[in-house]
Amino acid sequence: MTEKNILGRIKSISDQLPKAERKIAHFILENPEEVINMTASKLGKEAESSAATVIRLCKRVDISSFTQLKVLLSREVIQTNPMGYSDITPDEPLEDIMDKLLGNAFQSMQDTVSVINERSLLEAVRVLKSSSIIYLYGIGASNLVAENIAHKWNRIGKTCISFSDPHVLLAAMSAPKEGQIFFGISNSGETKEVVKILELAKDNGYKTIALTQFGKNSLSKKADISLQHVRAQEGALRSAATSSLHAQFILVDILFYVYASKNYDKIINLIRHSREQIEKYSQ
């Protein structure tokens, strides 16, 4: 099935639908931007129908779930208003939880794209291209982002070193050489350990890059280059950062793919070679 023109699909069959499904279809056609941020239960209520009817309509237009329908809608509709973030409620249906998490992820990534500073990102690409070693540091969930960066850039021939222990990291960084970079990651921009190591790196002649939330904070002010993502809202019930990780990961991906696009022939060969080595190992 094509993933385009889902609104056209719904419109084309709306007059043939049973009354309850027709109400859902008309609401989607008239309010596609609102629907992207709704749960199936909420849409059913607003259209004076039910969540079960929403699911039946999805199946009728060959969509496996309401979650998938919202993804397809989001690709068609130009967002003019913030979608907002949703938190879960006690004993909530699985479908509603999935819908809310999808909405939160989409919102954080969309908002991050809107705040990216193109000049800073391109400057980071330039600096990373000429780097000899990239040192990375983040605490907690930000350490996952540091590991993600290291995994991506190691595959394309860059030497990346990421340690969760600051003492081990500082020991590795104690003999600075030309072209070395320190990449500090902190959602708040105020994680004192990350800020301190960035300061020490600058004092030793390192070029420094910060990845942090949008706005003025200690890390962004001290770094040579500041890459910023949206201030993603987190729900009250969470075991770790969720929306903020989506925002950080999309920014990391954009940085990586811009770099890869500008160095395409070299990068694609390195990625192919990396894949071949893994396949040989697995045989």
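**Packing of helices α6 and α7**

Helices α6 and α7 cross with a right-handed sense. The model is predicted. Helix α6 covers residues 66-76, and helix α7 covers residues 94-115. Their axes come within 9 Å of each other. The crossing angle is roughly 20 degrees. Angles under 35 degrees count as roughly parallel, so α6 is classed as roughly parallel to α7.

The contact between the two helices involves residues from both sides. Helix α6 contributes Phe66, Thr67, Lys70, Val71 and Ser74. Helix α7 contributes Glu95, Met98, Asp99, Leu102 and Phe106. By class, the residues of this contact divide into five nonpolar, two polar and three charged.

Ala40 also touches residues of this contact. Ala40 lies in helix α4, which runs over residues 40-46. Beyond its neighbours within four places in sequence, Ala40 is in contact with Phe66, Glu95 and Asp99, among others. Phe66 belongs to the α6 side of the α6–α7 contact, while Glu95 and Asp99 belong to the α7 side. The C-alpha atom of Ala40 is separated by 7.9 Å from that of Ser50, ten residues apart along the chain. The relative accessible area of Ala40 is 2%. Buried means under 20%, so Ala40 counts as buried.

Thr112 is likewise placed in helix α7. Its relative accessibility is 0%, and Thr112 therefore counts as buried.

The chain as a whole can be described in the following terms. The protein chain has 283 residues, of which 43% count as buried. Its secondary structure comes to 14 helices and five strands. Along its principal axes, the C-alpha trace spans about 75 × 40 × 35 Å. Contacts between residues at least 6 apart in sequence were also examined. Of these, 68% join residues at least 24 apart. The accessible surface of the protein chain comes to about 15000 Å². Carbon and sulfur atoms account for 52% of that surface.

Technical notes:
Residues are numbered from 1 along each chain as its sequence is written. This is a predicted model: local features need pLDDT of at least 70, side-chain atom pairs count only at pLDDT 80 or more; totals for chains, interfaces and linings use all residues. Side-chain values use heavy atoms; hydrogens and water are left out. Helices (H or I, at least four residues) and strands (E, at least two) are DSSP runs, numbered from the N terminus. Buried means under 20% relative accessible area, exposed over 50%, partly exposed in between (1.4 Å probe, protein chains only). Contact means heavy atoms within 4.5 Å. Axes are lines fitted to C-alpha atoms, for helices over the stretch in contact, and angles run from 0 to 180 degrees between N-to-C directions. Angles under 35 degrees count as roughly parallel, over 145 as roughly antiparallel, 65 to 115 as roughly perpendicular and the rest as oblique. A crossing is left-handed if the near helix is turned anticlockwise from the far one by less than a right angle, and right-handed if clockwise. Ala, Val, Leu, Ile, Met, Phe, Trp, Tyr, Cys and Pro count as nonpolar, Asp, Glu, Lys and Arg as charged, and the others, Gly among them, as polar. Accessible areas come from the Shrake-Rupley method with a 1.4 Å probe; for residues, only the protein chains shown count as cover.
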